[in-house]
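Have the sequence and the 3D view open, and try each task before reading its solution.

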Amino acid sequence: MSERPPLVIVGAGGHAKVVIELVQAEARYELVGLVDADPTPRRVVGVPVIGSDADLPRLHETGIRHVHVALGNNARRVAIGRELEAAGFTLANAISPTAVLSPTARLGRGLAIMAGAVINADSRVGDLCIINTRASVDHDGIIGDGAHVAPGCALAGNVTVGHLAFLGVGTSVIPGVTIGDGATVGAGACVVRDIPPGAVARGVPARIVR
Ligand code: JB2
């Protein structure tokens, strides 16, 4: 029997595919399977769908204590993650062996940190965030719970990203800027001044459109 703790991934879509391969590359957990809103038995990159969220209490009783919520929707990922923590599960991180993490960075729970991501000195990443492929967070960055920094984003030093914010693919952010809670930044934007909570911004330089 494996000595690695058993883990179930919540979600079986595109994001889960990437997380599965992170978990396999890390080899810290024994990946038992996936639970999805669609429990139809099938395999996703070779890993079986073993039920739906309704099966999680039963899986907990069998000794599975670790989950990773692999849903791209920020609000849903955080809501389900918090519910599962309250139900006694531990939110496992899924971190690529090719991510570069500063020893002084502080990381939360339930994170997905993809291949080639960089988290630099004294940064803080909250719970249930996605730091996607080749995204970088420079020194003293603060990433709020449930935020998603999409592939190829480049955050300079002292950037703050609020809870549940979404930075689209390839967003650049100059030093010291704050992006508010729940804000959305469109792909390819260059953020040069603060974005208020809940705003939608896009363009170079980024302008608020909503
Ligand atoms: O409440 C739920 C739930 N809601 C939707 N519980 C569980 N266990 N599963 C849920 N789902 C499932 O999430 C759907 O049935 C579906 O299998 C999956 C969503 O798949 P999709 O590929 O549409 O999205 P994703 O969240 O895996 O990935 C999105 O976000 C990523 C960050 C996509 O936009 C990706 O392209 C992106 N890289």
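**Exercise 1.** Find which of the 16 residues around the ligand come nearest.

*Solution.* Gly14, His15, Asp36, Asp53 and Gly72 come nearest. This is a predicted model, where local features need pLDDT of at least 70, side-chain atom pairs count only at pLDDT 80 or more, and totals for chains, interfaces and linings use all residues. Residues are numbered from 1 along each chain as its sequence is written, and side-chain values use heavy atoms, leaving out hydrogens and water.

**Exercise 2.** Find how far a backbone N or O atom of Gly14 lies from an oxygen atom of the ligand, then look at Val35 and Gly72.

*Solution.* For Gly14 the distance is 2.9 Å. Next, a polar backbone atom of Val35 is 3.1 Å from a ligand nitrogen. Finally, a polar backbone atom of Gly72 is 2.7 Å from a ligand oxygen.

**Exercise 3.** Is Ser123 buried or exposed?

*Solution.* Then check its relative accessible area, which is 0%, so Ser123 is buried (buried means under 20%, exposed over 50%, partly exposed in between, with a 1.4 Å probe and protein chains only). Last, list its neighbours: leaving out residues up to four places away in sequence, Ser123 touches several residues, including Thr104, Arg106, His139 and Gly141 (contact means heavy atoms within 4.5 Å).

How values were computed
Near = heavy atom within 4 Å. Polar contact = N/O pair within 3.5 Å; in protein donor to acceptor, adjacent residues only side chain to side chain.
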